[in-house]
Amino acid sequence: MLAPIEWLKQLVDVPENIHDFCNRLTLSGSKVEGVTWFGEDVSGVVTGRIETIERHPNADKLVICQVNVGEQKNLQIVTGASNVKVNDIVPVALDGSHVNGGKQINTGMLRGVKSEGMLCSLAELGIMPELFPEAVTDGIFILPDDLALGEPVLKALKLEGGTIEFEITSNRPDCYSIEGLAREAAITYRHEFHLPEPEVKADGLNRTSDALKVTVAEPALCSRYCAVRIDKVKIEPSPLWMRRRLAMSGVRPINNIVDITNYVMLELGQPMHAFSADCIRGGEITVRRAAGQETFTTLDDKNYVLDDSMLVIADKAGAVALAGIMGGANSCINPGTDTVIFEAACFAPDSVRQTASALGIRTESSARFERIVDGWKTLRALKRACELVEKLGCGLVSSDFIDINNLPSTKPHIKLDFNRVNTFLGLQLATSEMIATLEAVGCNLTVDSGNLTADVVAPSFRPDLEGFADLAEEVARFHDYNNIPPTLLPAAETTVGGRSTKLNIKRLIAEIMISSGFYEAYTYSFMSAKEPDRLGLAPDSPLRKMLKIRYAPEDTSCLRTTPLPALLNIAHNNSSRAEESAGLFEIMRCYHPVDGQKLPNEREVVAAIVYDNTTAKDNGRLFYELKHIVEEISQQTGIKDVEFLSLAASSEVNAPAEAPCFHPYRSASLVVNRKSFGLIGYLHPDIAETYDLPRCTAVLLLDLATVVELHNFKRTQKPLPKYPAVTRDLAVVVDRSTPVGEIEKNIYAHSEDLLAELALFDVYEGKNLGHDKKSVAFSLKFRSQTGTLNDAVINPIMNRIIEALHETLHAELRQ
């Protein structure tokens, strides 16, 4: 919310120290984002009168002006503007001055003629053209004739002043107005709040009710509707003071009638609309729901198709406005309008928000209605608009107002215990101070005879005051939080903070990834709706079921269901920028919609990607890098018996939905107890080509919830071995498709718990082994806790292992 300081001063005494003013208001709850000063870049620009104009001897498009700036000697200024003439009052940038944007103006030579300054346009002064609609936008700004010479231009035009930007929370709709902010300032400083009631002569000859009939067909969505007719309207620019306030508040001035409605909205927080009375067909307005598939064209000439959940203002022929959002092109004010209907209403916040969201329209009006507009202020706002009409002399106000009031007649009461307030805040405030503060806020208090409790009715413009805690907060913030002494709560005890198990595991995984040379990435939770197609997912893939974000750009139109697009895109960005190799990871959330459930299920995934552009042929190094990380994570988290099952050989295990994106023969499913909790392996060549990634690109996905479920941080200690180990080497020839893991499982199963270590040290393929065969060699270390092992014990075990491998995997002992 932008609030011009000069406008605030009309309602409350604002101190000269604006810095202190902003700090005090921030501390009392009205957070100030910053202060901007109109023309703060402009300095040394004064008013001057052109005394003579002569042609430039060396340039056809330049002229030489002698300009009087109130000093003994005129200034010689060269300009190329064609709209200046003798005796014009113009803005003159003197030698050493600065214009909008901070550009410095100095004396110089233009085509051989000395120029001692510059004549300025609107843009060079930082003035929006709407403030002076009669001015030439592409030429020199011609000033009014009555300005004194040598005066700073912005001061002479009364354009100096600052604007304070407030950050208003959604529960404070009253502060979306100059009136609300001024009331906050008055209470903060204990100053008087000037709230004049509008005075309307209403000397129009026609009655509103004779020319217009209003029906509210949806009282639940429109609690109040007020209207008045303005005759003999003169459409013209608003006076400078109004245009200046609107512009400094971020609203573009248009014409006097439209500006009045915007002015009242900013001043009182009540959105208004002005209809051209001639365009209200049938002389009747109905507040109703839109008909199914009803079409509507807004003021900005955009067409919309409405449904029956949307509230409209309609005449006999159709909709003329979207309730609380925007008017229609079929009833807008134009230069020929001579009769106007002013509307001020109170629409249901949910209705306005849903309609605005569904149609993708957001206006100053809808922003206020979405936060609740005070219906008890509606008629006063309409009268204020009429007061401005009379003040500007732009129309005659009808003698009556239409007011359809469906507001509830009773207001909620809040029981307030003053002693409880002191206990709640840790203060010892006098009851009189609390009463004075709440009355200044606008509350109506009925205090009991003992001054111990009060029955409080909150003002209608403060819907956020719903209970005891809200009233106590009002007392605290206007007492000044700095005046509240820091104390411990009664019977309070200090507690020891700590991280949850899940957070500890996430930190542990991050540390392992970083120590392994990976960089942590942070990506958005959105993805394009086209990503499933780029990933080549099947039509029935659960990853295609996405939660779409309304009105979001195409590349961020859905919440992601898989981490792959984010990983692949950041890998592509690095690869395309000559990063020959890189490893990246992120612990991210994916979102899966569930039928009949409002919010999606959230799945946390540990996702990592590594690529290498430096080698044309990969020997599996990237896979083993990721495999080592999985093993390290398993060891650190206490997860045992993790199996790496080939995707081509693990059809009986339900692999994650991302499995089709991996290479079918160079990837594995991570399995514990027949349950898959991740994927590891090389990217499918087609996917790598789609995302323009090297073929040597490997990916790791881990389901964090499963890791947390399976973790075991308990550690058991074993005594050092007393007896020596016996080592044997075993080399077997198996089919090339046989997983090493299956061989290891068979070895362990027949080692009679004497096998202390098993290490793979060689894999060999050659013509001498035969077609589709490979040799796999292991080192086996046996050890007993009860005595020294010898060949009589080890040899039978080795024989049983060899027989088992032959029976189950058709393995042959390599000779």
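**A tour of the aromatic contacts**

Begin by selecting K627 and F644: K627 lies over the face of the F644 ring, at 4.9 Å from the ring centre. The model on display is a predicted one.

Next, select R666 together with Y682. Here the charged end of R666 sits over the ring of Y682, and the distance to the ring centre is 4.1 Å.

The tour now turns to contacts between rings. A pair of aromatic rings is described by the distance of the centres and the angle of the planes. The structure holds seven aromatic pairs. Select F424 and F468 for one of them: the ring centres are 5.5 Å apart and the planes stand at 70°, so this pair is edge-to-face, the cut-off for that class being over 60 degrees.

Display the secondary structure around these two residues. F424 belongs to helix α12 (residues 418-425), whereas F468 belongs to helix α14 (residues 468-479), so the pair ties together parts that are 44 residues apart in sequence. F424 is partly exposed, with a relative accessible area of 48%, while F468 is buried, at 10%.

Proceed to F623 and Y624. Their ring centres are 5.5 Å apart and their planes are at 90°, so this pair is edge-to-face. Is F623 buried or exposed? With a relative accessible area of 14%, F623 is buried; Y624, at 52% relative accessibility, counts as exposed.

Notes
Residues numbered from 1 in each chain as written. Predicted model: local features only at pLDDT ≥ 70, side-chain atom pairs only at ≥ 80, totals over all residues. Heavy atoms only, no water. Phe/Tyr/Trp six-rings, centres within 6.5 Å; stacked < 30°, edge-to-face > 60°. Helix = DSSP H or I, 4+ residues; strand = E, 2+ residues; numbered from the N terminus. Buried < 20%, exposed > 50% of the residue type's maximum accessible area, 1.4 Å probe, protein only. Lys NZ or Arg CZ within 6 Å of the ring centre and 35° of its normal.
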